[in-house]
Amino acid sequence: MARFLAALPAWIAVIGLFAAWEGAVRFFGIREFLLPAPSVIWTATVAVWPMVLEHAWATLVTVLLGFAASVLVSLPLAMLIASSRAISAAIYPLLVVTQSIPKVALAPILIVALGANELPRIIVTFLVAFFPLVVASVAGLLATPPELVELGRACRAGRIQELLRIRLPFAVPFVFGGLKVAAALSVVGAVVAEFVGADAGLGYLIQTSMAFFRTPLAYSAVVILALMGIVLFQAVSLAERIFFPWSSGSEHSAPPAA
Amino acid sequence: MIRFQGTGKTFRGRDGTAVEALRDISLEVAAGEFVAIVGASGCGKSTLLRLAAGLAATSTGEVTLDGARVTAPRAETAMVFQAATLLPWADVLRNVTFPLRLMGRVAPDTEAKARALLATAGLAGFETKLPRELSGGMQQRVAICRALLQDPRLLLMDEPFGALDALTREEMSLELLRLWEARRMAVLFVTHSIPEAVLLADRVVVMSPRPGRIVDVVEVGLPRPRSFDQEGSDEFQRCARRIREHIFGQRADRAA
């Protein structure tokens with residue numbers, strides 16, 4: 001109940017925004033292909049909902065696989081970087097290079113190289129999402145207080161033990177900060193990939209809809225994408241609260257956005 | 001049991017200049033003896049402990065434990081730091097058992113021992129609390145329990161009460177004495193507080209800074225068990241004055 005009350009102003013603001021939107025469109029008589037009213041978006045979506053659902057599902061699969069790939073790659077990579085100065089010096093510049101390449105530019109190249117299937121889309125999603133996760137995880141692993149590391153050494157812990165039993169748990173709040181960013185970015189990455197080469201997905205839906213001036217459907221896709229990002233973000237927060245209750249209250253985690 | 005012989009430690013600074021932290025330290029602590037080390041900041045007290053713990057290597061001379069050179073951390077020593085340095089993710093019980101779990105020395109009765117130890121430290125009922133739910137004094141008690149559970153023969157304490165308020169500090173000193181009387185391991189206790197050193201220790205080692213050297217070793221002839229009532233005694237005053245004179249030198253004379 002307390003949480004519901006805390007969220008109440010946000011809900012009022014969102015509902016108010018949609019109401020103002022609806023009112024403005026009707027009052028000024030704005031044409032549908034320029035800015036559709038929320039009610040029009042809703043009816044357009046409901047009319048073809050199995051198709052919208054299918055596209056949403058395709059995007060969700062790409063998002064989740066790309067997100068999973070970024071987690072699976074980032075954590076071991078972060079541990080590797082944190083464990084040795086030499087490895088860090090070798091890998092970090094490469095990571096920065098991958099970040100400097102616009103992923104939109106990379107997408108068509110990947111699709112030619114890997115074929116028009118799910119794989120290039122997952123790779124683009126992964127490339128967009130993994131970097132903040134690596135950076136946050138490395139920061140966490142290196143932020144372990146020296147006294148804690150010293151305690152481990154006094155208990156004759158080896159480097160692997162130090163990494164797994166002291167640094168890694170300490171980094172958990174940082175990792176979750178990175179996971180939240182990565183979750184939101186996965187949605188961005190998936191849509192970017194779908195713009196370039198896909199025959200399904202919400203990014204594809206936006207492009208095809210706009211090609212035929214079916215603006216309400218494009219808006220519908222945008223709203224679903226936003227919801228997808230929010231749900232993923234909250235899912236990560238929830239996982240943190242359930243599995244690492246000591247972490248979620250700490251000052252290192254990013255503040256919840258929704 | 002632990003013995004420093006002509007021990008020196010020189011650190012190399014980032015700019016290449018050598019900083020001599022300790023020079024020619026010779027000191028022996030017998031089994032079951034409580035030795036306090038006092039001195040102004042920068043006299044190398046903490047470095048001395050780190051050498052004893054095997055966390056740092058000597059530059060000259062040597063440190064031996066029961067005749068064997070200390071080159072790496074050993075199972076018979078346990079350390080308490082100035083900050084409690086508890087694991088934020090583990091509850092009190094798991095914090096206390098952490099070193100033993102890390103060293104693979106968990107016995108079937110480890111948990112029962114840990115609970116008993118926490119109870120003697122006044123922490124019964126807090127076993128499942130997280131460190132952040134405890135006060136500073138309680139956190140440091142957990143850290144002391146964590147060290148004691150390792151059943152060390154040598155306990156190294158680096159200003160363990162330095163971060164606590166004065167009242168908690170006094171209370172903790174007496175509690176530490178109680179725990180120590182019950183098991184009587186050798187203790188090397190670094191502190192900034194002269195009364196604390198006199199109250200706790202059999203001998204007080206006075207150090208001078210830059211480079212850290214031992215200037216005096218004061219035998220405290222107060223009977224045990226100790227209490228704060230002894231603070232008014234002549235022996236307590238004699239020891240405190242002697243230590244103070246070494247640390248403040250001429251300044252103390254002029255002020256008196």
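Predicted model: local features only at pLDDT ≥ 70, side-chain atom pairs only at ≥ 80, totals over all residues.

Residues are numbered from 1 along each chain as its sequence is written, with chains lettered from A and ligands numbered from 1 in the order in which they are written.

So, H1(A): residues 2–28, spanning 40 Å between its first and last C-alpha, close to the expected 39 Å (1.5 Å times one less than its number of residues). Helices here are DSSP runs of H or I, at least four residues, numbered from the N terminus. There's a bend of about 40° at A:Leu8, with A:Pro9 following within four residues; that's the angle between axes fitted to the seven residues ending there and the seven starting there. Buried or exposed on the whole? The number of buried residues in H1(A) is zero, so it lies largely in the open; buried means 20 or more other C-beta atoms within 10 Å of the residue's own, placed from the backbone. After the helix comes A:Gly29, with a positive phi near 60°.

Next, H2(A), residues 38–47, packs on H10(A), residues 215–243, at about 90° with axes 8 Å apart. Those axes are lines fitted to C-alpha atoms over the stretch in contact, with angles from 0 to 180 degrees between N-to-C directions.

Last one: 16 residues of chain A are in contact with 14 of chain B, contact being C-beta atoms, placed from the backbone, within 7 Å. On the chain A side, H7(A) gives the largest share, seven residues.

Technical notes: Helix = DSSP H or I, 4+ residues; strand = E, 2+ residues; numbered from the N terminus. Buried ≥ 20, exposed ≤ 12 C-beta atoms within 10 Å, placed from the backbone. Contact = placed C-beta atoms within 7 Å.
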